[in-house]
Amino acid sequence: MNLLGLAWRSLLNRRFAVVLTVCTIALSIGLLVLVEQLRSEVRQGFYRSVSGVDLIVGSRTAPVQLLLYSVFGIGDATNDISWETYTQLKALPEVDWAIPMALGDSHRGYRVLGIDRSFFDHYRFGDSETLEFEAGEEFADLFDVVIGAQVARQLGYDLGDQIVLAHGSGNVSLQGHDEHPFTITGILAPTGTPVDQQLYVSLQAHRAIHIGWERGVQMPGSAIDPDVARARADELRPDAVTAIFLGLTARAAVFGLQRRVNEYRAEALSGIMPGITLQQLWRITGLAEQVLRVVAWLVVVTGLLGMLTVLLATLGERRREMAILRANGARPWQISGLLVFEAGLIAAAGIAGGVVLAIVVQLTAAPWLLTHFGLHVGLSWPAAWQLGVLGLIFIAGLGVGVIPAAMAYRRTLADGMQVRT
Amino acid sequence: MFGPSGSGKSTLLALVGGLIRPQSGKIRFRGQELTGLGGAARDRFRAEHLGVIFQQFNLLPWLDLIGNVMLPCRFSSARAARAGDVKQASEQLLAAMGLAPELWHRRADSISVGQQQRVAAARALIGRPALILADEPTSALDHDRRLDFLELLFSQVEAANSALLFVSHDRELAERFDRAVDLTDLNEAQSRI
């Protein structure tokens with residue numbers, strides 16, 4: 001056993017206080033790492049969800065609002081866009097594909113989107129990935145529905161199950177589309193985006209179930225008979241859609257098209273580029289993030305001060321230990337070294353514990369974020385710069401150890417060989 | 001060496017131990033001028049040539065007896081070399097000081113004060129240092145144990161061929177030493193000069 005062995009035994013002897021100190025530091029480091037990790041992971045998750053869409057068009061509104069309701073199901077649209085506008089946009093030469101969507105229905109808290117079939121072919125997420133079916137296929141019949149992976153998992157649905165949609169987006173809806181049950185024909189593979197949290201019906205079906213709802217509530221006896229609707233499916237099309245996802249043939253055309261959309265005469269439209277709008281969103285949330293960061297840093301400082309307190313408090317009771325070591329030939333620097341070593345060990349254990357804590361919390365929070373926000377928060381190691389920051393905190397921990405070490409150094413010199421208690 | 005409290009016994013021990021420097025005068029130890037040495041050299045000197053026994057609280061409470069006895073050999077390789085097999089030497093000293101083997105791996109704070117003082121003596125003796133400094137090592141012991149302790153200490157000091165500088169205020173013990181000095185006399189002599 002060498003000098004470090006002695007330090008270790010001494011630490012073990014004070015394990016209660018030491019473990020508490022390590023916990024304090026671990027909590028503070030965990031908070032710091034978590035704030036950074038979640039921040040970047042959440043951003044990553046948002047970017048994943050919109051990576052393949054060049055332009056989102058909706059009725060005139062704030063860009064962030066349009067992005068949030070069209071992609072993430074947060075908030076509601078204030079107005080619709082006419083079908084004519086959709087067809088005109090779709091016909092533009094620079095538009096490769098256009099996915100119109102009609103919002104407004106839900107099923108047990110999950111959004112139901114009326115969409116064009118092109119959605120399954122053109123929608124892109126993450127690293128240009130396309131949608132895949134985990135089971136089944138896209139709709140064949142008018143009253144078929146395709147559901148997201150998370151919807152299937154949470155509600156325990158399988159192919160062939162019949163479900164009824166509710167009017168409105170609330171979790172509890174008194175008015176349902178009871179006359180038009182839908183059959184699940186497809187379940188999408190998980191994407192880690194809001195796609196997993198949604199159900200998809202055709203625009204025709206969306207139109208069909210809303211016949212008779214023109215005043216916001218259903219007129220008694222006005223519902224269309226399902227079989228009649230099926231027969232007339234080709235004529236059915238909505239008068240309006242809520243938003244349109246556009247994919248362009250050349251990305252460079254997006255700026256020109258955006259301007260034209262925003263200056264569109266026939267109706268007031270907003271065209272947004274998802275990436276840029278996310279930047280705007282980050283600017284809004286940036287302040288809160290900064291506050292969180294500052295708090296996390298303050299907590300780290302608190303943790304280190306806590307360690308200093310414990311080291312200083314034990315210094316008094318360890319005076320005897322130091323005098324014994326000194327009388328038996330320990331040099332003052334060795335005694336100071338013991339304290340610095342101790343501080344380093346506590347800091348290192350705290351930092352390691354904090355990283356583990358952050359990972360555990362991430363693992364725990366990930367399903368919740370996925371369920372509630374459709375955000376895929378991946379598990380990730382701290383980035384290189386974060387490891388650098390942790391290294392600096394470790395050095396700060398050693399620095400904190402220097403204070404009691406210097407005091408011990410002076411004291412061992414002054415105490416000489418007497419054992420004071 | 002006797003002397004009432006405040007007569008400077010502890011200061012003298014610290015001087016001899018090389019922990020503090022005298023404001024004037026010289027300390028010579030085995031032909032070596034201590035006062036001329038730097039801090040690090042005095043540290044090395046102490047680790048190599050001195051064994052120390054305090055009045056009480058000699059041992060690291062969280063270490064076992066063997067670990068406590070081996071302590072000086074951690075800080076001085078010269079002393080470890082003189083001890084040979086450090087563990088074996090520690091066991092021999094503990095046995096010689098009358099401590100049964102079943103105690104050797106117990107924590108130092110789990111044994112009696114008398115036993116602790118004997119462990120401290122074994123530690124001071126390991127690696128046969130030239131000088132043992134004992135600062136009232138018997139004052140925490142009752143009368144009979146005091147004599148037993150002295151007997152054991154004397155025999156082991158003799159076996160190690162070390163010198164013993166023993167500080168006490170108990171004049172009864174004086175006759176058992178080769179030489180006894182009263183610090184009060186020394187102080188008076190100094191003030192007359």
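Start by selecting helix α3 of chain B, residues 65-75. Its buried residues are B:Leu65, B:Ile66, B:Gly67, B:Asn68, B:Val69, B:Met70, B:Leu71, B:Pro72, B:Cys73, B:Arg74 and B:Phe75. Here a residue is buried if 20 or more other C-beta atoms lie within 10 Å of its own, exposed if 12 or fewer, and partly exposed in between, with C-beta atoms placed from the backbone. With 11 of the 11 residues buried, α3(B) is largely enclosed by the rest of the structure. Helices (H or I, at least four residues) and strands (E, at least two) are DSSP runs, numbered from the N terminus.

You are looking at a predicted model, in which local features need pLDDT of at least 70 and side-chain atom pairs count only at pLDDT 80 or more, while totals for chains, interfaces and linings use all residues. Residues are numbered from 1 along each chain as its sequence is written, and chains are lettered from A and ligands numbered from 1 in the order in which they are written.

Axes are lines fitted to C-alpha atoms, for helices over the stretch in contact, and angles run from 0 to 180 degrees between N-to-C directions. Show the sheet next: β3-β4-β5 of chain B, an open sheet of 3 strands with parallel pairing. Two strands pair if DSSP finds at least two bridges between them. At the edges are β3 (50-53) and β5 (163-167), each pairing on one side only. Neighbouring strands are turned by 15° against each other on average, direction ignored. Zoom in on β3(B) and β4(B) (residues 131-135), which pair in the parallel sense over 4 bridges; B:Gly51 stands opposite B:Ile132 in β4(B).

Next, colour the two chains separately and look at where they meet. The contact takes 18 residues from chain A and 22 residues from chain B, where two residues are in contact if their C-beta atoms, placed from the backbone, lie within 7 Å. On the chain A side, α1 (3-13) and α11 (319-327) each supply at least two residues, and α1(A) gives the most, with 5 residues. By class, this side has 7 nonpolar, 7 polar and 4 charged residues. Ala, Val, Leu, Ile, Met, Phe, Trp, Tyr, Cys and Pro count as nonpolar, Asp, Glu, Lys and Arg as charged, and the others, Gly among them, as polar.

Moving on within chain A, select α2(A) (residues 15-50) and α10(A), which pack at an angle of about 170° with their axes 8 Å apart. They are therefore roughly antiparallel to each other. Angles under 35 degrees count as roughly parallel, over 145 as roughly antiparallel, 65 to 115 as roughly perpendicular and the rest as oblique. Their contact comprises 19 nonpolar, 7 polar and 4 charged residues.

Keep α10(A) (residues 274-317) and bring in α3(A) (residues 63-71): their axes come within 9 Å and cross at roughly 110°, which means α3(A) is roughly perpendicular to α10(A). To see the contact, pick A:Pro63, A:Val64 and A:Leu67 of α3(A) with A:Pro274, A:Thr277, A:Gln280, A:Leu281 and A:Ile284 of α10(A).

Finally, zoom out to the domains of chain A, whose bounds come from an automatic or database domain assignment: domain 1 (3-46 + 287-415) and domain 2 (55-272). Their centres, taken over C-alpha atoms, are separated by 50 Å.
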